[in-house]
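Trainee: Please pick one part of this structure and take a close look at it with me. I'd like to follow it residue by residue where that helps.

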Amino acid sequence: MSCAQTQGVHLDRTMNRTFALAGSACAAALGVLMISARSASSQVQGQQPGYVKLQTATPGTAQVGNQNVTGTGIFGVVKMNAFVLPTGAISGRVLGCDNNGDGFWQVDGLSLPFNKIVNLAGGLMSLTNQSGSGITVQAGGTALTGILGGATALSSSFGSSGVVGDSIAGNGVVGASSAAGLYGVVGVANGSQSCGIAGYNADTTGSLAYGVWGQASGDHSVGILGLSTSTSGPTIGISAVANSVSGIAIRASESGATGNTIGVFSQVQSGTGTAIWGNAAAQSGANIGLKGWAQGTNGMAVLGQALASTGTTYGGRFEASSPTGYALYAINNATGAYAYLGGPTYTIYAEGASSRTIFGNNTATTGAAYGVYGQTVSTTGRGVYGNANAGTGINYGVFGDTDSPTGYGVYGSGPAGSFGVYASGNLGASGTKSFRIDHPLDPRNKYLLHYCAEGPEPQNIYNGVVKTDAKGYAWVDLPSYFASINKDCRYQLTVLDDSEDFVLAKVTRGVQGNRFQIRTNKGGVKVSWEVKATRNDLWVQEHGAPVEVEKQGTERGTYQHPELYNKQSKSP
């Protein structure tokens, strides 16, 4: 009878015992197995007890003192007082058989070290434990491995797997290490497109399940460490994939209530490496390459720090390749304020209802520090542009203010021929209007200031010197545009003569054809002349030049300089 057969024996009841021997494939083949049934009725004083010898299906000659038993074995329980086992059956050994059906005795468990190569389609070992661990292996020395799994072939689901842990209610694989500098689970991948550790969660119910769970409880410990040691190629220390429409490929949670805890820490040593790389590969839709949440009252969803003390470093760098894309887009969901960088129209754009949409604060106490610095290299560019586009109210395109008695609210500079400050519209000042230059006599230590003449109307002033002819007449030529921008001319003549004669001068003809005529009572005399005219260009014709104006809006009831009136309310 071979191990593949399931025949056994049914022992007779004549020995006052009922026996049922399970038809084990291996046990039925062992013809040397002797079962002793000792009983009061079968054992005679001074004689050996009776034996039942397992034989093939066709029994041979009955041995003397033994009873032949034939028939089919009954699966069940053998009830007897004892077994008598032949040579080789010693303590600690169990029965086994090979592929040929030959039985043998072997040590209970595996002989270590154990090394065997098999070709089994169904797997080498399968253990199911309903209440505890499936396999527990411990390596007690340093640099040792509790379980080492290796796979060399590919399959259709995970690829080949050295170790696979599957649990319906617990942990599939748990690795624990209590030694310093060692790891509970180590996955090594040396092949192309291979994975050191692959975690798979097939739950489709939507409950919170994990393909890989890493936990570390000690100081400076690491829950999961992914290390790709290849020196070439696009290697990956940890790769995570989520196929769910609302899934998460990698989720890191740090539960410490205090301290500078870190949910995910990534580090690279390469000079051109990337510590964290997020790739949203879908060609459409509002997908996200990297997203951060912060739930603390002072939290930061994403913090970028460039710690190098030299070089052109970036705390954060954002790029967009689309001609209508934005390199960085930020929105405050509580206020609706938003800003973006690198947009199709504006490099920096911010919009919101707060009092300061963009605020620049430079806290340096010395040096040429800038709260906001704007620069352009375009031939028609604007370094800083401010636009208050509300149609009413007291608003400001650019508002500059300084608290220093020697400071500048707004400072503009330009080379010769350009405008340091230019106003396209009216220009006003509550103080004096002046030029200020280095003092010609002490340019290193002093300024020289000259002030503008003020008047209740805008005026244009023209002057010069003319010499009368022999009859005492002279024409004074004015600019060709004079009549186009002026009206209401006023004349002033001063004779320049060092003779003893009393010379008189007068205007004989007013401005006509952009010139006027003067006459002196003596010929050949120099006359200094001046013409003041009221400005009458298209701007003044359209907007006028008011002298007294009522305060409007928020300016009403306030003072530009309340300290002059011993008041506190200043204009906004």
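Mentor: Two strands count as a pair if DSSP finds at least two bridges between them. Strands themselves are DSSP runs of E, at least two residues long, while helices are runs of H or I with at least four, and both are numbered from the N terminus. One thing before we dig in: this is a predicted model, where local features need pLDDT of at least 70 and side-chain atom pairs count only at pLDDT 80 or more, while totals for chains, interfaces and linings use all residues. Residues are numbered from 1 along each chain as its sequence is written, and side-chain values use heavy atoms, with hydrogens and water left out.

Let's look at the sheet built around S15. Three strands make an open sheet here, in the order S10-S15-S12, and their pairing is antiparallel. S10 and strand S12 (486-496) are the edge strands; each has a single partner strand, so one side of each has no neighbour in the sheet. Going from one strand to the next, the twist averages 15° (axes are lines fitted to C-alpha atoms, for helices over the stretch in contact, and angles run from 0 to 180 degrees between N-to-C directions).

Now zoom in on the pairings.

What sits in the largest nonpolar core? Twelve residues do: Tyr462, Val466, Ala474, Val476, Leu478, Phe482, Phe516, Ile518, Val527, Trp529, Val531 and Ala533. (A nonpolar core is a set of buried Ala, Val, Leu, Ile, Met, Phe, Trp, Tyr and Cys residues joined through side-chain atoms within 4.5 Å; buried means under 20% relative accessible area, exposed over 50%, and partly exposed in between, using a 1.4 Å probe and protein chains only.) S10, S11, strand S14 (515-520) and S15 are the elements that each give two or more residues to this core. S15 supplies the largest share, four residues.

Leaving out residues up to four places away in sequence, Val466 touches Ala474, Trp475, Val476, Ile518, Val525, Lys526, Val527 and Trp529 (contact means heavy atoms within 4.5 Å).

Step along to Thr468, in the loop between strand S10 (459-467) and strand S11 (473-477). Is Thr468 buried or exposed? Its relative accessibility is 4%, so Thr468 counts as buried. Its side chain makes a polar contact of 3.2 Å with the side chain of Thr520. (That means a pair of N or O atoms within 3.5 Å; within protein, one must be able to donate a hydrogen and the other to accept it, and residues adjacent in sequence count only if both atoms are side-chain atoms.) Beyond four places in sequence, Thr468 touches Tyr473, Ala474, Ile518, Thr520, Lys522, Gly523, Gly524 and Val525.

At the other end of S15, Asp537 lies in the loop between strand S15 (526-535) and helix H3 (538-543). With 15% relative accessibility, Asp537 is also classed as buried. The side chains of Asp537 and Arg535 are joined by a polar contact of 2.3 Å. Apart from residues up to four places away in sequence, Asp537 touches Ser484 and Ile485.

S5-S6-S7 is an open sheet of three strands with antiparallel pairing. Strand S5 (328-331) and S7 are at its edges with a single partner strand each, so one side of each is left without a neighbour in the sheet. Its twist averages 5° from one strand to the next. Strand S6 (residues 338-341) and S7 run antiparallel and are joined by four bridges, with Ala339 opposite Ala350 in S7.

Past that sheet, Asn361 is in the loop between strand S7 (348-351) and strand S8 (434-438). Asn361 counts as exposed, at 55% relative accessibility. The C-alpha atoms of Asn361 and Gly371 are 4.7 Å apart, although these residues are ten apart along the chain.

Finally, the whole chain for context. The chain has three helices and 15 strands, and buried residues make up 11% of its 572 residues.
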